[in-house]
Amino acid sequence: MKNLFSKSISKKKWAIISSSLLVFLTVTGILFFEGTKKTVALTLDGEKKIIKTHANTIADILKNQKISVRSEDYLFPSGNTKVKDNLSVVWEPAKQVQLTVGDHKKKVWTTANTVQELLLEEHVDLGEHDKIHPGVQSKIKDNMNINIDNAFAFTLVDGGKKKKVWSTSTTVADFLEQHGIKLKTLDRVQPNLKQELQPEDVVNIVRVEKVTDVVEEPTDFAVVTKKDPKLAKGKKKVVHEGKKGAVSKKYEVVKENGKEVSRKLLSTKKVRDSEDKVVAVGTKVFTAMASRGKPEGGGKEFFVNSTAYTANCNGCSGHTATGINLKSNPNAKVIAVDPSVIPLGTKVYVEGYGYAVAADTGSAINGYKIDVFFSSKSQAYHWGRKRVRIKILN
């Protein structure tokens with residue numbers, strides 16, 4: 001009985017010892033397995049994490065992470081690099097985007113973070129006036145569409161002012177809208193709004209406006225003549241000075257680029273009436289017949305220097321200043337005087353000549369000087385120059 005009991009205890013001890021040894025070996029094996037793993041820092045599509053691995057290469061690590069690497073992806077170090085402790089691995093998956101520059105389209109794979117980095121990768125130069133959508137600071141996304149419209153230069157003449165401008169628009173209307181250029185109803189654009197723009201084109205905007213202009217314009221007065229029998233024939237005298245009237249005229253004025261191109265009269269309104277100018281014209285004719293008698297009656301007497309002339313003298317019209325036709329009245333007794341000394345129309349008696357009337361003037365007859373009329377040159381030459389007495393009769 002004792003032996004049986006001893007054998008039972010012995011078996012239990014061995015079982016415990018065996019179990020303990022197995023646990024020890026298992027724990028030791030696990031600790032050894034874990035202790036032989038290498039520590040690797042992974043940055044996968046921007047996410048960071050630390051792993052421990054027995055993988056031989058970076059490709060094995062990514063396979064374990066269920067990551068399929070394309071040739072366009074960014075991977076550093078390369079996939080066949082041996083794994084070492086404290087190794088850092090960076091993987092950026094490439095994204096496919098469509099890049100459109102003008103009329104040219106292409107699909108590209110890129111690991112660029114922003115649109116600007118992509119342009120650098122693709123050696124695309126973005127001009128100062130070019131348009132790009134989305135913007136250069138936008139983050140790259142898979143299947144993104146990036147559009148670049150190349151700008152070109154042309155000339156804009158707006159209201160006569162010329163300048164060089166840049167645009168990516170395809171039509172005149174697009175350009176005006178993008179630049180906030182407004183057209184009024186009457187404005188004209190050349191070429192037309194639907195015209196496609198080309199480099200070096202000239203777009204001319206003619207600014208047209210209609211304005212109303214009201215001006216006051218003078219109106220001439222009429223000249224009315226009236227016969228005056230008390231005034232010597234041929235003499236004129238202003239009885240009433242004329243005054244101009246005025247009318248207000250309303251015009252429709254069309255201007256292009258600030259300059260007047262047409263003017264249309266819309267209405268006329270009288271502002272004030274004009275006043276006629278009244279002129280009296282003398283009709284009184286003085287005649288004097290030859291007389292060799294002595295002067296009758298009394299009057300002022302004084303001496304004058306005298307010359308003689310005929311109706312046919314050089315520069316003579318044949319008519320006196322008072323309207324006497326000397327050619328039709330060859331026997332008329334007329335003298336030319338200075339009206340400031342002897343008024344026209346005055347009856348006189350000239351020593352050696354007889355009764356006469358002061359009915360003419362002359363440019364050379366100034367002061368106390370007279371010119372006596374004869375019908376023939378011989379009589380005039382015979383008179384010559386002499387100093388004579390003259391008497392005023394009225």
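First, a definition: two strands pair if DSSP finds at least two bridges between them. Helices (H or I, at least four residues) and strands (E, at least two) are DSSP runs, numbered from the N terminus.

What you see is a predicted model, where local features need pLDDT of at least 70, side-chain atom pairs count only at pLDDT 80 or more, and totals for chains, interfaces and linings use all residues. Residues are numbered from 1 along each chain as its sequence is written, and side-chain values use heavy atoms, with hydrogens and water left out.

The chain has five helices and 24 strands. Six of the strands form a closed barrel in the order β19-β23-β20-β22-β21-β24, and the pairing is mixed.

I'll stay with β22, residues 354-360. On one side, β21 (residues 347-350) pairs with β22 in the antiparallel sense, over four bridges. Lys347 stands opposite Val357 of β22. These two strands make a hairpin with three residues between them, and Gly352 in the turn has a positive phi of about 85°.

β22 also pairs with β20, residues 334-336; those two run parallel and are joined by three bridges. Val334 has Val357 as its bridge partner, and Ala336 has Asp360.

How many of the residues of β22 are buried? Seven of seven, where buried means under 20% relative accessible area, exposed over 50%, and partly exposed in between, with a 1.4 Å probe and protein chains only. Over the 394 residues of the chain, 32% count as buried.
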